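User: I would like to go through this structure and ask what stands behind the words used for it. Please set each value against its cut-off.

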Amino acid sequence: MSVYNQNRGGIIQIIIGIIFTILIAQLISLQIFSSKYKLAADNNAIYRKIIYPDRGIIYDRRKKALLENTISYDLVVIPNEAKGVDTNMLCQILKIDKAEYSKRIIEAIIKNTRVKASAFEPFLSAETYAQLNENLYRFPGFTLSERSIRSYPYNTAAHVLGYVAEVDVNFLQKHAAEGYEMGDYAGMTGLERFYEPILMGQRGVTRFLRDNKGKIQGAYEKGIYDTLAIAGRNIFTSMDVEVQQLAEKLLQHKIGSAVAINPKTGGVIAMASSPGYNPNLLTGNQRRKTIGRLLLDTARPIYNRAIKGQYPPGSTFKPLGALIALDEGLITPAYGYNCRGSYGACGDPRKCEHHNPGHAANLQLALAYSCNSYFLQVFRMAIDNPQYHNAKKGYLKWKEYVNAFGLGKKLGIDLPSENRASIPDTAQYNRDFGGAKYWNSCYMLTLGIGQDRMTATPLQLANAMAFLANEGFYYTPHFVDSIENEDEEDKVMLEKYRTKIEVTKIAKQYFDVIKEGMHDVTVIGTAAFIKVPGHEFCAKTGTAQNPHGKNHSLFVCFAPKDNPKIAVAVVVENAGYGATWAGPIAGLMMEKYLNDTLTTESKLKAENLSNVDLMPAAIKSWYVRNNKTEMLTPFEYNNDELADVWDMEMLSEIAPVKPVIDTSKKLDTLPVAPPSKPVPLRKVNKETALDPLQKKKKATAKKNGKL
Amino acid sequence: MVNYNNNNFSKGTDFAVILLYVIMVAVGILCIFMVEYNPNLNWSNSFLTAKTNYSKQIYFAIFCAFIAIFILLMDSKVFTALSNILYALGILLMLATFVLGKDTNGSKSWIPIAGGFNLQPAELCKIFTALILAKFISKPETDFSKLKSHLIAGAMIMLPAILSVMQHELGLALVYSAFIFAMYREGLPPVILVVLLSFAILVIATLLLDPTVLSIIISVIAGLFIINLIKKFKRNKNSILVIISIWAICFGTIKYIVPYIFNNVLECYQSTRIYSMMGKEYDCGQNVKSANKTSVNKKAARKPDDYNVKQSKIAIGSGGFWGRGFLKGTQTRGKYVPEQHTDFIFTSLGEAFGFVGTFTFLGLYLFFLFRLIRIAERQRSTFSRVYAYSVVGIFFFHIAVNISMTIGLFPVVGIPLPLISYGGSSLLTFTVLVFILLRLDADRQMVLR
């Protein structure tokens with residue numbers, strides 16, 4: 001019988017062989033062709049502890065720290081180990097209820113799983129920290145973890161410095177390759193953002209082996225994959241904290257901006273935007289309370305008007321317009337225009353503030369008295385330059401000059417979200433007037449006095465002054481002079497801030513004439529009452545038309561006249577005459593910078609000026625109406641809305657943010673008005689294209705203030 | 001381990017098997033060491049303290065070595081003579097567990113004996129069943145081509161299997177199906193294998209497909225057969241009856257037998273495991289056995305039921321081609337695989353030594369099994385051959401099921417990996433199985449049983 005079944009031994013062997021083949025096939029698939037298991041094993045067992053280095057410090061030109069690091073404590077929880085917690089006591093210390101406790105635990109689990117630590121309550125106050133520390137044994141699974149946060153000893157330059165915040169999903173998607181993780185902090189705006197890689201330093205990673213209960217078993221692979229944390233490097237800026245503080249003080253209760261640049265280096269001495277906010281309010285546990293309020297404030301305190309606000313430069317453009325005509329050989333410094341109080345060459349008379357004959361007898365005088373007629377005439381000459389045969393080519397040449405002076409383009413300052421403002425393109429005029437052949441210099445006449453569609457940021461205006469002060473060149477405005485332990489890569493990055501930008505080969509004598517004219521402004525002209533003790537300076541006032549409300553007050557200047565060390569541009573929104581409000585602010589800033597101190601008289605003046613309230617009524621009434629909401633926590637706002645505002649701030653570099661210079665008037669009717677385009681532009685339709693002069697008469701009849 | 005060379009029992013003993021046995025036990029201790037290794041303890045001391053599992057396993061191995069020598073020194077006639085008594089003793093012990101049994105992991109199959117060690121009679125019963133089966137088939141009056149003999153042999157096998165099921169040891173009960181190898185070799189008609197295989201396929205299909213859909217498919221197939229063979233039916237009316245009865249059996253299986261097995265025979269967790277293998281969820285509310293002890297279920301429900309398999313696959317998969325290195329497996333070090341020193345011991349090997357390790361290891365096992373088959377085939381006595389095939393079957397079943405469950409091809413049942421998994425009872429059983437075979441094999445020239 002056994003012999004009979006001999007072949008069955010073979011069959012059994014075949015069956016065994018088949019089963020083993022199946023096993024090996026599965027092993028091949030598991031061990032050779034699936035990479036996910038290795039990953040899953042690492043996720044299970046390797047606990048990466050990130051060691052955050054201290055962020056770099058930002059110093060001003062005298063090595064005063066504009067911001068520092070201080071220690072704050074977070075209460076951290078590992079949900080799996082949080083068993084037998086004295087929740088009553090914990091809730092009492094943290095002033096939360098039990099529902100909130102459970103909610104936060106669930107949030108922690110969702111965010112970081114049960115076995116990883118997540119923040120339960122960040123930024124504990126000193127008192128809460130002490131209470132918790134004493135009773136920590138009652139709260140198994142909870143630990144106090146140290147964290148370094150920013151503090152701002154001078155409470156200043158919030159817009160410039162920017163802030164650090166916890167990264168969100170959006171941020172992680174945008175910076176996917178940079179190794180950020182949920183829970184990390186990163187610079188979000190300002191210098192903190194721009195110099196993030198330098199300030200951040202290098203995070204250290206220590207890998208631990210973790211068992212199935214989340215307990216640490218020891219170093220992973222004896223630490224050969226671990227990296228040490230490298231502290232962030234300090235950066236040294238050209239800012240002067242005292243000038244900055246003064247500028248912010250002077251702009252109190254006003255909406256506006258002031259920028260001061262050292263023309264010799266392009267380094268920004270001060271950059272203020274008002275209303276601002278105390279940067280200390282956006283650190284630690286203050287942040288939660290503040291951020292929502294700041295974002296919803298109708299005066300937009302987070303918005304940096306110095307680089308994003310777009311204002312018509314008004315008369316402050318006149319020196320540049322004259323320079324173009326001089327360089328093109330269209331006028332000489334002796335060129336005069338017989339202004340009788342208005343400019344009528346284009347049919348529609350434009351008012352000039354001065355009637356006395358001879359106030360525009362030559363360029364210098366015309367600048368000193370800010371004669372509108374003179375500069376309108378000069379602009380027309382530049383556009384209708386016979387050399388170029390048609391207005392379009394003349395305009396393009398003129399635009400080339402203006403762009404070369406740093407207007408209508410991004411200067412490339414070391415802050416994110418700079419706005420290029422606007423020097424209009426011919427395409428816009430072609431569209432509005434029905435084609436290139438249908439328009440001439442009369443159609444955009446007021447460009448010559450810095451109106452029409454021309455806008456500039458305060459930074460661009462200050463930079464233009466630096467260019468005049470330097471007589472033909474400027475450095476790209478920037479904050480950072482040097483970086484601690486600068487390496488080759490940093491040098492490459494800072495290279496553009498150290499390279500002189502030679503604008504044009506404009507002859508020195510033309511600059512001299514312009515400078516003399518601007519000097520006369522401060523002696524006999526519109527700014528004669530503004531003095532900087534011990535220094536002669538050059539300036540130009542501007543009062544920009546504002547279709548939505550009171551005129552914007554502008555002032556640009558540089559000092560000292562013969563060896564310029566500071567160039568300033570100040571804009572105060574809805575304030576009226578340039579010399580009245582913007583002028584004194586700029587004067588005091590120059591005095592502070594050049595003399596290191598203010599005279600007693602100036603101090604008094606500064607004090608008075610800082611108390612002047614020029615807030616538009618609409619914004620004030622918004623504050624009154626919303627007084628109650630100031631104490632709301634961000635949770636009560638719609639989070640999506642907040643996210644939108646954030647995105648706008650972040651994306652403004654790519655897609656220009658709608659400027660909000662004049663939300664104020666609209667606010668009378670609409671409580672929260674959408675930002676509107678501020679360019680003082682009349683509506684143009686086909687009728688105007690056919691008969692522009694007639695239409696312009698109506699549109700610009702009210703425009704002829706003192707420019 | 002033990003030097004057999006200059007003893008007189010060495011004559012005729014198959015040293016290749018002994019060598020493989022020693023290698024396997026050593027690999028087992030090594031694997032247990034990898035699982036237990038703690039870098040903070042001095043392992044060289046702990047090897048002998050009997051406080052860790054690997055040092056306990058060493059003591060078990062030494063004890064087994066003595067047993068092995070003892071068996072090799074015995075007269076091979078003892079095994080035939082005592083097989084009936086031993087079988088009866090085994091069954092008695094199994095019955096005794098219902099009284100004396102210690103409750104571990106919900107199954108009552110261990111009898112505590114002195115020194116903190118426990119005995120699992122069901123393990124030992126495998127040996128006794130192998131012996132009595134060999135004895136029965138080798139009896140001159142047994143004609144194993146007859147159905148009656150098949151039924152008697154089947155009853156011998158089923159008795160301890162049923163007792164195991166009653167002890168909630170499904171895995172051990174399943175092992176008894178391994179005797180089918182021996183029975184097949186001795187003349188069990190292949191039709192039975194085909195029927196069993198078809199039944200298994202039908203059960204799996206029932207789990208995978210919706211019962212109604214499957215019923216329709218089966219009916220359609222039956223219908224097609226009838227239409228196709230319609231001419232033949234005129235000649236042979238029986239075949240239409242055969243087809244209809246097969247269809248009825250299939251239908252019954254789908255509709256009644258499978259749900260009955262899952263709801264009444266199996267425990268809730270077992271049904272859940274099998275369902276989760278198929279990627280489905282089992283509703284424990286249907287299970288008769290779970291109805292009484294809902295509290296236990298709630299506790300068990302905390303961890304996802306496929307946690308073991310998932311972690312086990314991660315461990316083996318993360319080994320990759322070359323493995324993560326000796327003592328470097330993070331799954332093992334972090335104790336992510338439950339029961340890793342016993343049923344899931346294969347994972348520590350797979351993680352540390354990768355595909356190279358597992359392939360070599362399986363090669364070793366395959367060589368071992370083929371060697372045993374070769375030994376079986378060279379026996380002159382039916383007793384020895386039946387016994388040898390029983391050993392092959394038991395080993396093969398353990399290896400195949402254990403490794404399949406660690407790599408996710410089979411639902412998790414508590415079956416140890418022979419000679420590798422931690423556990424005295426298991427190691428002793430396999431040692432005895434192998435060495436009785438070696439003893440019989442050594443005498444293959446002398447006696448014809």
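Analyst: What follows takes the terms one by one, for a model that is predicted.

User: What makes strand β11 of chain A largely enclosed?

Analyst: A residue counts as buried if 20 or more other C-beta atoms lie within 10 Å of its own. Seven of the seven residues of β11(A), residues 256-262, are buried, so the strand is largely enclosed by the rest of the structure.

User: How do you know that both faces of β11(A) are covered?

Analyst: In a regular strand the side chains alternate between the two faces of the sheet. On one side A:G256, A:A258, A:A260 and A:N262 are buried, and on the other A:S257, A:V259 and A:I261 are buried.

User: Why is β11(A) said to pair with β12(A)?

Analyst: Pairing needs at least two bridges between the strands. Seven bridges join β11(A) to β12(A), residues 267-274, and the two run antiparallel, so they count as paired. One bridge sets A:A258 against A:A272 of β12(A). These strands form a hairpin with four residues between them, and A:G266 in the turn has a positive phi of about 85°.

User: Which sense does the pairing of β11(A) with β20(A) have, and how many bridges join them?

Analyst: β20(A), residues 566-572, is joined to β11(A) by six bridges, and they run antiparallel. In β20(A), A:A567 stands opposite A:I261.

User: Which residues touch the most other members of the largest nonpolar core?

Analyst: That core has 134 residues, and those touching the most other members are A:A258, A:A260, A:A462, A:M465, A:C557, A:V568 and A:M589. Helix α18 of chain A, residues 458-470, gives the most to this core, with nine residues. Leaving aside neighbours within four places in sequence, A:A462 is in contact with A:V259, A:A260, A:I261, A:A567, A:V568 and A:A569. A second, separate core has 115 residues, including B:F344, B:F383, B:V391 and B:F396.

User: What makes helix α13 of chain A largely enclosed?

Analyst: Nine of the ten residues of α13(A), residues 318-327, are buried, so this helix is largely enclosed by the rest of the structure. Among the buried residues are A:K318, A:P319 and A:L320. Their cover includes α14, α15, α16, α18, α20 and β18 of chain A. Just after α13(A), A:G329 takes a positive phi of about 75°.

User: Why are α5 and α6 of chain B called roughly antiparallel?

Analyst: The axes of α5(B), residues 121-138, and α6(B), residues 147-166, come within 10 Å and cross at roughly 175°. Angles over 145 degrees count as roughly antiparallel, and that makes α5(B) roughly antiparallel to α6(B). The contact includes B:C125, B:T129 and B:L133 of α5(B) and B:A153, B:M156 and B:S164 of α6(B). By class, this contact has eleven nonpolar, two polar and no charged residues.

User: How many residues of chain B are in contact with chain A?

Analyst: 42 residues of chain B are in contact with 32 residues of chain A. For this, C-beta atoms must lie within 7 Å. On the side of chain B that touches chain A, α18(B) has the largest share, twelve residues. By class, that side has 22 nonpolar, 13 polar and seven charged residues.

User: What makes β2 and β16 of chain A edge strands?

Analyst: Three strands form an open sheet in the order β2-β10-β16, with mixed pairing. β2(A) and β16(A) are the edge strands, as each pairs on one side only. β10(A), residues 235-237, pairs with β16(A) in the antiparallel sense over three bridges.

Methods: Residues are numbered from 1 along each chain as its sequence is written. Chains are lettered from A and ligands numbered from 1 in the order in which they are written. This is a predicted model: local features need pLDDT of at least 70, side-chain atom pairs count only at pLDDT 80 or more; totals for chains, interfaces and linings use all residues. A nonpolar core is a set of buried Ala, Val, Leu, Ile, Met, Phe, Trp, Tyr and Cys residues joined through C-beta atoms within 7 Å. A residue is buried if 20 or more other C-beta atoms lie within 10 Å of its own, exposed if 12 or fewer, and partly exposed in between; C-beta atoms are placed from the backbone. Two residues are in contact if their C-beta atoms, placed from the backbone, lie within 7 Å. Axes are lines fitted to C-alpha atoms, for helices over the stretch in contact, and angles run from 0 to 180 degrees between N-to-C directions. Angles under 35 degrees count as roughly parallel, over 145 as roughly antiparallel, 65 to 115 as roughly perpendicular and the rest as oblique. Ala, Val, Leu, Ile, Met, Phe, Trp, Tyr, Cys and Pro count as nonpolar, Asp, Glu, Lys and Arg as charged, and the others, Gly among them, as polar.
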